[in-house]
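Trainee: I would like to go through the labels used for this model and see what each one rests on.
Mentor: Go ahead.

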Amino acid sequence: RRGIIGRKGKIQSFLCIGFSGNSLVVGCADGSLYLFKGHKLAKVVKRAHNKAIVAMFSTPQGLITGGRDGTIQWWNTSLKRAGNPVSLEEDWFECEDPRIASVCFAHKGIGKGKRALVGTRSGEIFEIDASEGSNSEADASAGDAHSANASKSTGAGRTFVHRIAKAHYKGELWGLATHPHKHYFVTCGDDKRVRLWDANLRRQLKTRKLPLRARAAAVSPDG
């Protein structure tokens with residue numbers, strides 16, 4: 001049956017979909033969440049995100065949303081916020097494009113010790129372990145460009161972040177060259193990045209931003 005919006009909401013693009021219990025939940029282009037009872041709109045959560053909600057993952061315990069504002073937010077089954085949002089726009093994430101592409105729970109994920117996997121528009125995958133009330137500045141950062149680890153402390157706990165993967169994004173990959181002596185190789189392409197990889201560890205070691213899109217890569221014969 002066709003959904004009935006009524007006066008509670010407005011007709012707009014719905015960009016993702018999930019469930020809160022047996023009720024349908026959709027993420028909207030204006031950053032709102034719409035909860036339907038049957039085919040009728042029953043509840044609107046305005047400004048759930050500052051920009052469009054483009055990713056959602058739900059379980060019987062609640063759901064998690066991600067938006068073009070670069071934030072993720074946990075919700076309980078009543079669409080009440082379960083703790084503060086986590087913003088990938090913070091400097092300590094070192095995220096090239098923090099807009100969210102996908103989210104899911106790493107484990108059950110609602111309540112204390114919430115864990116989530118987050119994919120971004122810049123080809124990164126983060127594992128985020130957030131305690132209730134996490135909202136403060138970063139106090140530690142370690143690791144390389146591929147597997148950056150960081151944490152920030154709060155009065156109620158800490159938020160731990162691990163970057164699982166980092167890759168090229170935007171357009172095509174054009175350049176590839178191997179190191180003459182080591183198990184390294186470099187790549188470059190339309191995302192204006194040159195990246196150094198470890199073939200044995202299968203991870204990115206370093207990245208540098210270029211002023212223009214790259215079309216070829218080479219490594220000096222002496223390494």
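Trainee: What makes Phe 14 partly exposed?
Mentor: Phe 14 has a relative accessible area of 37%. Buried means under 20%, exposed over 50%, and partly exposed in between, with a 1.4 Å probe and protein chains only. Phe 14 is therefore called partly exposed. This is a predicted model, where local features need pLDDT of at least 70, side-chain atom pairs count only at pLDDT 80 or more, and totals for chains, interfaces and linings use all residues. Residues are numbered from 1 along each chain as its sequence is written, and side-chain values use heavy atoms, with hydrogens and water left out.

Trainee: Why is Gln 73 called buried?
Mentor: Its relative accessibility is 0%, so Gln 73 counts as buried. Gln 73 lies in strand E7, residues 71-75; strands (E, at least two residues) and helices (H or I, at least four) are DSSP runs, numbered from the N terminus.

Trainee: What makes the pairing of the Gln 73 and Arg 81 side chains a polar contact?
Mentor: The distance is 3.0 Å. A polar contact is a pair of N or O atoms within 3.5 Å; within protein, one must be able to donate a hydrogen and the other to accept it, and residues adjacent in sequence count only if both atoms are side-chain atoms. The Gln 73 side chain also reaches the backbone oxygen of Gly 83, at 2.9 Å.

Trainee: How do you know that Arg 215 and Asp 190 form a salt bridge?
Mentor: Their side chains meet at 2.6 Å, N to O. A salt bridge is a side-chain nitrogen of Lys or Arg within 4 Å of a carboxyl oxygen of Asp or Glu, and the pair is therefore counted as one. Arg 215 is partly exposed at 36%, whereas Asp 190 is buried at 14%.

Trainee: Which salt bridges does Glu 124 form with Arg 163 and Lys 166?
Mentor: The closest N and O atoms are 3.4 Å apart for Glu 124 and Arg 163. For Lys 166 and Glu 124 the N to O value is 3.8 Å.

Trainee: Why are Lys 166 and Glu 124 called buried?
Mentor: Lys 166 has a relative accessible area of 6% and Glu 124 a relative accessibility of 1%, so both count as buried. Both belong to a network of salt bridges that includes Arg 163 and Asp 191.
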